[in-house]
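Trainee: Could we go through this model together? I would like to begin with one of the loops.

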Amino acid sequence: MFHKAERKQARLRLAICGTSGSGKTYSALKIAEGLGGKIAMIDTEHKSGELYANEFDYEVASLEPPFTPLRYIELINMAEQGGFNVLILDSLSHAWTGQGGVLEMHDNACKAIHNSFAAWREVTPHHNALVDAILGSSLHVITTMRTKTAYEIQQNDKGKHVPVKIGLAPVQREGMEYEFTTVMDISVDGHIVTASKDRTGLFDGKFFKPDVSTGKMLQEWLNTGIDTEKVSLEESKRLLKSVNDIISLAQLESWGSRYKMDIDKLLVKDRQI
């Protein structure tokens, strides 16, 4: 059934894409700091995620091979249960091309069933489950993704032609970037960001270096809209006032679990029932 469209408060889904040395991890931490709250990081880069511990306050879980989607999902669930507000996946590319990642899973399936199309049918649900875990998370999620590296001969300010490293498509499933609220491409030269996709409209046509204020801007945009948790509480209160049999009470308890309500406290507040 159709209903009036309403802007609701949301959690961030941000991808930062760049070549090695472009500053993806550092930028992710800067933005996470601006979002506020406890920060968690899933580090697939041989513990390089802890290099900034002297500058930022965050917790790290090192993910070693195999980089299967299931192992990412397990750590995402752990972060949700750990009281964090922001989760950084550094990097998501390993889930695709890393040891034990989706491409290797596909290769192994091909060897077993000798049919590439059928192998993708077996493997794709694993990748989809990881995407669903990211999109459905109760946390702000920032992912970093490597880009395919290429070199281009360019003329520098001294008139000499030199090879310059440039970034291409993210190392992930084709079209993965469309899953995110905002996709930032970061350059090696100056760590300057451009937004190749931006549903927020905050960064259209801008070239900037991400910092804490970037996270604060995103947080302000995300908070603009209806507070869905508050709406859910009011709906549950109305249901509570109409309880007159055990079936309605069972339905209320189900809603209470869904919205993390404390039913006992609510009953005390509504003694008129």
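Mentor: Helices are DSSP runs of H or I of at least four residues, strands are runs of E of at least two, and both are numbered from the N terminus. This is a predicted model, in which local features need pLDDT of at least 70, side-chain atom pairs count only at pLDDT 80 or more, and totals for chains, interfaces and linings use all residues. Residues are numbered from 1 along each chain as its sequence is written, and side-chain values use heavy atoms, with hydrogens and water left out.

Trainee: Is His-114 buried or exposed?

Mentor: His-114 counts as exposed because its relative accessibility is 69%, given that buried means under 20% relative accessible area, exposed over 50%, and partly exposed in between (1.4 Å probe, protein chains only).

Trainee: What about the phi of His-114?

Mentor: The phi of His-114 is positive, about 55 degrees, although the residue is not a glycine. Most residues other than glycine have a negative phi, and most peptide bonds are trans. His-191 also has a positive phi of about 55 degrees. His-191 is in the loop between β7 (182-186) and β8 (193-198) and is partly exposed, at 32%.

Trainee: Which peptide bond is cis, then?

Mentor: One of them runs from Pro-65 to Pro-66, with omega near 5 degrees, and Pro-66 is in the loop between β3 and α2 (69-81). Another cis bond leads from Asp-90 to Ser-91, with omega near 5 degrees; Ser-91 is in the loop between β4 (86-90) and α3 (94-97).

Trainee: Changing topic, what volume does the second largest pocket have?

Mentor: About 390 Å³. A pocket here is an open set of points on a 1 Å grid over the protein atoms alone, where a 1.4 Å probe fits, with protein on both sides within 12 Å along at least five of seven lines; lining residues have an atom within 4 Å of a point. The volume is the space filled by probe spheres set on the points, which are joined across faces, edges and corners.

Trainee: Which residues lie nearest its centre?

Mentor: Gly-21, Gly-23, Lys-24, Thr-25 and Tyr-52, from a lining of 21 residues. The largest share of that lining, five residues, comes from α1.

Trainee: And which residues does Glu-55 touch?

Mentor: Glu-55 touches Tyr-26 and Lys-30 (heavy atoms within 4.5 Å), leaving aside residues up to four places away in sequence. Glu-55 sits in the loop between β2 (39-43) and β3 (59-62).
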